[in-house]
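Here's a quick tour of the structure you have open. Take a look at it first, and then we'll walk through it piece by piece.

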Amino acid sequence: MDPYILYAMPGSLYSAKARSYLRKHRIEYVERAPGDARYNDEVVPAIGRWIIPVLQAPDGTIVQDTVDIIDHLDATVAPGRSAYPATPVQRAVAHLLELFGGEGLLRPAMHYRWDFDDTNVPFLRKDFSASLVLGGDDDTRDGVFAFSSDRMRSATAAFGVSEELVPEIERSYAEFLALFDAHLAGSPYLLGGRPTIADFGFMGPLHAHLARDPYPSVQMKQQAQRVWRWVERMSAPVLDASEYGDVSEDLFADDAVPATLQALLAYIGEEYLEEAMAQVAAVDGWLAEHPDVTDGDVVLGKANRRFSGTTTFPWRGESMTVAVVPYRLYLIKRLQDSVATGTAEDQAAVRAVFAEAGLDPLLDVTPRRWVVRGDNREVWGPAQEPVFPG
Ligand SMILES: N[C@@H](CCC(=O)N[C@@H](CS)C(=O)NCC(=O)O)C(=O)O
């Protein structure tokens with residue numbers, strides 16, 4: 001069988017999520033840079049935009065979006081190795097952590113990449129341009145870096161990074177590192193002995209930016225050695241957990257959420273709930289102003305439009321303004337859909353864990369249309385009655 005092909009970049013956030021899945025599952029794959037001519041010739045026309053990562057399966061199927069890439073691959077692995085926990089509470093927690101990892105940790109990731117130029121830029125200039133232009137002279141590469149880094153740098157503000165909020169963003173990230181490090185004292189992965197979508201979601205920002213860029217990598221090593229080791233482990237094609245002794249690859253027994261993980265959930269409740277709810281409300285508001293939208297329409301009219309305006313919400317005693325990212329509704333819907341497959345008893349168990357962390361509104365919030373996916377794009381789901389708890 002031909003190997004899978006992953007179009008990706010070493011320094012790209014979401015690439016790390018998909019790559020880690022391939023490595024942990026020992027799936028044979030070849031990585032290609034987006035600067036490879038085949039990316040523009042074959043992939044961009046198929047998916048309608050420039051975005052990475054993209055998986056090309058041996059049968060030629062092209063899959064974009066890390067959620068869909070993991071689902072595509074997960075269908076091929078033994079159930080015991082699935083990235084989705086089989087039990088209701090851990091499965092719901094995994095969805096929540098996937099959301100927080102991929103979307104909530106973007107803020108520190110962007111800050112620590114783009115606000116420390118003296119330390120980071122000499123590395124980033126070479127690292128980015130090497131994947132964007134294969135071959136080429138230094139001037140061409142520097143020009144490509146200048147263009148792509150300007151785009152990314154301006155996105156920093158879209159994720160809430162501003163001069164006034166930087167001290168609090170740094171305190172918040174330090175708290176996160178301490179909590180995750182404390183949790184890793186007891187197990188090699190977030191939910192026990194093997195990685196799940198929770199770990200893959202965390203891997204994007206923690207690998208590509210926070211463990212790999214020069215400035216934050218030192219900080220992570222100094223402040224949270226176990227988190228740094230977890231990043232290393234998430235890149236290994238073996239368990240790579242010798243410091244835990246003979247650990248089994250099972251998830252925590254009895255669908256348990258240990259106290260150190262509950263503490264991390266409480267942090268996410270404080271750090272991220274308001275933001276997530278504000279995002280859903282803002283997308284709902286956008287839909288209210290665009291009643292002409294119909295089922296299956298590409299969100300915001302074009303696949304490469306990512307933001308639908310801005311929203312402001314209370315954050316750690318301050319007020320924060322960020323871009324609205326409709327994609328996040330896709331992840332929240334998946335959490336709710338997953339919970340809905342359980343029995344009444346299962347759902348009550350999930351609700352108890354979420355409520356303890358103040359996260360239960362995420363189980364109920366319903367915009368007038370969800371974001372779903374079709375043909376490798378975000379599209380609008382069917383119209384429904386909106387619900388905004390509280
Ligand atoms: N939801 C997507 C996000 C992918 C994404 O944002 N990729 C970034 C690189 S890490 C990108 O290609 N950005 C290009 C752009 O926004 O134009 C996924 O999970 O795959």
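This is a predicted model: local features need pLDDT of at least 70, side-chain atom pairs count only at pLDDT 80 or more; totals for chains, interfaces and linings use all residues.

## Ground rules and overall build

Let's start with a term: a residue is buried if 20 or more other C-beta atoms lie within 10 Å of its own, exposed if 12 or fewer, and partly exposed in between, with the C-beta atoms placed from the backbone. Residue numbers start from 1 along each chain, following the sequence as written.

The protein chain has 15 helices and eight strands; these are DSSP runs numbered from the N terminus, helices being H or I with at least four residues and strands E with at least two. Its radius of gyration is 20 Å, close to the 21 Å that the globule rule gives for 390 residues, so the protein chain is as compact as a globular protein of that length. (That radius is taken over C-alpha atoms, and the rule is 2.2 Å times the number of residues to the power 0.38.) Along the principal axes, the C-alpha atoms fill a box of roughly 60 × 60 × 50 Å. Two residues are in contact if their C-beta atoms, placed from the backbone, lie within 7 Å. Looking at contacts with a separation of 6 or more, 73% of them are between residues 24 or more positions apart.

Now for an open sheet of four strands, in the order 2-1-3-4 and with mixed pairing. Two strands pair if DSSP finds at least two bridges between them. At the edges sit strand 2 (29-32) and strand 4 (62-64), each pairing on one side only. From one strand to the next, the twist averages 20°. Strand 3 (residues 54-56) is joined to strand 4 by three bridges in the antiparallel sense, and V54 stands opposite Q64 in strand 4.

Helices pack here too. Helix 1 (residues 13-24) lies across strand 1 (4-7), strand 2 and strand 3, running at about 155° to strand 1. Helix 2 (residues 37-47) touches strand 1, strand 2, strand 3 and strand 4, and its direction makes about 70° with that of strand 4. Angles run from 0 to 180 degrees between N-to-C directions, and axes are lines fitted to C-alpha atoms, for helices over the stretch in contact. In the loop between helix 2 and strand 3 you'll find P53. The peptide bond from I52 to P53 is cis, with omega near 5°.

## Helix 9 and its partners

Which way does helix 4 run relative to helix 9? The axes of helix 4 (residues 88-104) and helix 9 come within 7 Å and cross at roughly 5°. That makes the two helices roughly parallel, a label for angles under 35 degrees; over 145 is roughly antiparallel, 65 to 115 roughly perpendicular and the rest oblique. The residues of this contact divide into eight nonpolar, five polar and one charged. (Ala, Val, Leu, Ile, Met, Phe, Trp, Tyr, Cys and Pro count as nonpolar, Asp, Glu, Lys and Arg as charged, and the others, Gly among them, as polar.)

Helix 9 (residues 197-211) also packs with helix 10 (residues 214-223), at an angle of about 110° and with the axes 7 Å apart. That makes helix 9 roughly perpendicular to helix 10. Here H209, L210 and A211 in helix 9 meet P216, S217 and M220 in helix 10. H209 is buried, with 26 other C-beta atoms within 10 Å. Beyond its neighbours within four places in sequence, H209 is in contact with L13, A109, Y112, R113 and P216. H209 and A109 are 100 residues apart in sequence, yet 5.6 Å apart in space, C-alpha to C-alpha.

## A hairpin and a loop

Strand 5 (residues 310-315) and strand 6 (residues 318-323) run antiparallel, joined by six bridges. T312 stands opposite T321 in strand 6. This hairpin has two residues between the strands, and R316 takes a positive phi near 45°.

Most residues other than glycine have a negative phi. D254 has a phi near 60°, and so does D255. D254 is found in the loop between helix 11 (225-234) and helix 12 (259-289), and D255 has its place in the loop between helix 11 and helix 12. D254 is exposed, with 8 other C-beta atoms within 10 Å, while D255 counts as partly exposed, with 19 C-beta neighbours inside 10 Å.
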